[in-house]
Amino acid sequence: MPEAAVVRWRADVIGIFFIIIVGALLAVMGAAHAIDGPFQAQMWTMLAALLLGGAALLHQVTKPPQQSDATRYENGVVKAGVIASMFWAVAGLLVGLIIALQLAFPNIFYFPDFGWLNFGRLRPLHTSAVIFAFGGNVLIATSFYVVQRTCRARLAGGLWPWFVFWGYQLFIVLAGTGYLMGITESREYAEPPWYTDIWLTIVWVAYLLVFLGTIWKRQEKHIYVANWFYLAFIVTIAMLHIVNNLAIPVDFAGSFSYSLFSGVQDALTQWWYGHNAVGFFLTAGFLAIMYYFVPKRAERPIYSYRLSIVHFWALIFLYIWAGPHHLHYTALPQWAQTLGMTFSIMLWMPSWGGMINGLMTLSGAWDKLRTDAVLRMLVVSVAFYGMSTFEGPMMSVRAVNSLSHYTDWTIGHVHSGALGWVGFVSFGALYCLAPWLWKRQRLYSMALVDWHFWIATIGIVLYITSMWVAGIMQGLMWRAYNEFGFLEYSFVETVQAMHPYYIIRAIGGGLYLTGALIMVYNLWRTARGDAPSFERATDVPAAGVLAAAE
């Protein structure tokens with residue numbers, strides 16, 4: 001819980017207790033009247049988590065009051081976010097490696113006696129773990145860190161930031177265990193069941209209010225651009241989540257529900273949500289990280305503040321309309337498909353404006369890339385952002401999409417952005433945060449950061465190039481006809497042709513996971529305060545980095 005916090009029966013404590021008590025009562029009722037076993041297990045899980053949270057909160061209330069320093073930044077919740085981020089990163093990447101091996105070697109990694117280990121259940125677990133568990137915790141942790149420093153104000157809300165953190169972990173546990181038991185809405189990036197969606201809405205509203213409250217009481221008149229990107233991410237994800245997950249439960253004591261939309265309207269709503277989950281969760285939020293941590297690590301001001309504002313407003317306006325490009329050659333009216341394609345192509349310009357702004361921030365500091373592997377990781381992430389935001393608009397063009405859609409080219413594109421952009425910018429931010437938060441002079445080992453960078457980079461290259469080649473080959477084989485007008489290849493033949501590329505993909509994923517494990521060890525030793533076993537000239541951080549946070 002927070003360091004040196006005065007916790008009495010304040011409004012924040014009463015509000016959190018109210019949510020815990022109501023949630024616990026509903027969980028008991030749900031468990032008692034459950035019509036299916038998985039729902040009952042979920043309700044017992046939720047009850048146990050809420051009771052633990054209530055006990056922890058009661059412990060804080062009954063503790064003797066301590067002296068509080070309202071001017072001191074709240075670092076405890078950010079530390080917890082760093083730890084949770086690395087835990088979920090390893091968990092999500094491990095599940096991804098398992099399902100990659102299942103596709104490459106189904107005879108070895110298929111477990112007929114353990115249904116919860118089948119691909120159909122592990123695949124949504126992997127996507128949710130890496131996007132929402134790892135990525136979400138990175139965004140929450142960095143946003144809580146950045147908003148305090150750029151506003152020169154302690155996090156607002158008292159214990160509400162801790163409610164956001166632990167409430168989000170409960171959402172992840174409920175969603176993940178639900179997938180393993182077969183509970184899913186079968187909607188891309190929106191698989192959690194209806195009751196988990198309601199819980200996430202409560203947590204997300206608290207997150208928005210904490211962030212807004214901190215900006216409201218800021219001591220710095222100017223609102224730095226990173227906070228604009230964080231705010232856009234929080235507000236838009238709330239809107240997307242609520243609308244796309246409007247559903248009617250089959251039974252309020254059961255797991256399953258029906259979407260409020262149907263047919264092509266349901267498909268359009270889903271991909272309005274799905275593409276903007278990419279646009280605002282995986283892009284806008286992580287651009288906020290770029291706009292704070294790249295200048296901070298490079299010790300240079302952002303290249304063009306004016307360009308950052310143009311980048312923000314152009315991205316926010318254009319991204320929201322791009323979703324229909326996922327529905328080319330479907331029942332969606334062609335004008336709507338064309339609209340999505342047009343806005344997707346227009347997105348290329350603001351996206352590359354942001355990339356140029358990030359890269360040009362290193363003007364006069366390019367030499368630091370030779371000695372600072374953390375900065376190198378941040379800069380390479382920006383380069384991957386540029387490559388992914390060129391490839392995405394290109395794939396939205398109808399003629400290109402006719403070849404790429406439903407193939408592994410899309411998988412390569414997604415992982416170019418996920419591993420290269422989101423993963424590397426997250427790792428770079430966590431490498432920055434660890435010594436700042438735990439008051440260490442530097443990371444335990446810059447040599448290990450080098451190893452992490454190169455192993456993970458090789459892993460990314462193997463992954464995305466194998467999927468690019470495999471996907472294009474796959475699309476060409478599907479559309480090949482012989483002289484009699486029949487398909488040249490059967491579906492089984494296309495699957496057989498993918499086998500070597502699936503093996504390469506699994507190797508790339510294994511290398512990326514290895515890099516993450518190296519990072520966990522490095523950050524653990526840094527937090528413990530262990531001194532490096534040897535010191536190189538390049539291990540000495542640049543002047544000013546030591547005093548980066550406080």
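In this predicted model, the crossing of helix 9 past helix 14 is left-handed. Helix 14 covers residues 373-396, and the two helices pack with their axes 10 Å apart, at an angle of about 140°. From helix 9, the residues in this contact are Thr 283, Leu 287, Met 290, Phe 293, Val 294, Arg 297 and Ala 298. They meet Val 374, Leu 375, Leu 378, Val 382 and Tyr 385 of helix 14. Sorted by class, the contact between helix 9 and helix 14 consists of 10 nonpolar residues, one polar residue and one charged residue.

The volume of the largest cavity is about 40 Å³. Its lining is made up of Ile 131, Phe 132, Tyr 189, Ala 277, Val 278, Phe 281 and Leu 282. Helix 9 makes the biggest contribution to this lining, four residues. By class, the lining of the largest cavity has seven nonpolar residues, with no polar and no charged ones.

Helix 5 also contains Val 130. Leaving aside residues up to four places away in sequence, Val 130 touches Gly 92, Leu 93 and Gly 135.

Across the whole structure, a search finds 42 aromatic pairs. One of them is formed by Phe 144 and Tyr 207, in an edge-to-face arrangement with 5.7 Å from centre to centre and 90° between the planes. Why does this pair tie together parts that are 63 residues apart in sequence? Phe 144 belongs to helix 5, whereas Tyr 207 belongs to helix 7 (residues 194-216), so the pair ties together parts separated by 63 residues in sequence.

Key: Residues numbered from 1 in each chain as written. Predicted model: local features only at pLDDT ≥ 70, side-chain atom pairs only at ≥ 80, totals over all residues. Heavy atoms only, no water. 1 Å grid on protein atoms, 1.4 Å probe; cavity = no way out; pocket = protein on both sides within 12 Å on 5 of 7 lines; lining within 4 Å. Points joined across faces, edges and corners; volume = space filled by probe spheres on them. Nonpolar A, V, L, I, M, F, W, Y, C, P; charged D, E, K, R; others polar. Axes fitted to C-alpha atoms, helices over the stretch in contact; angles between N-to-C directions. Left-handed = near helix turned anticlockwise from the far one by under 90°. Contact = heavy atoms within 4.5 Å. Phe/Tyr/Trp six-rings, centres within 6.5 Å; stacked < 30°, edge-to-face > 60°.
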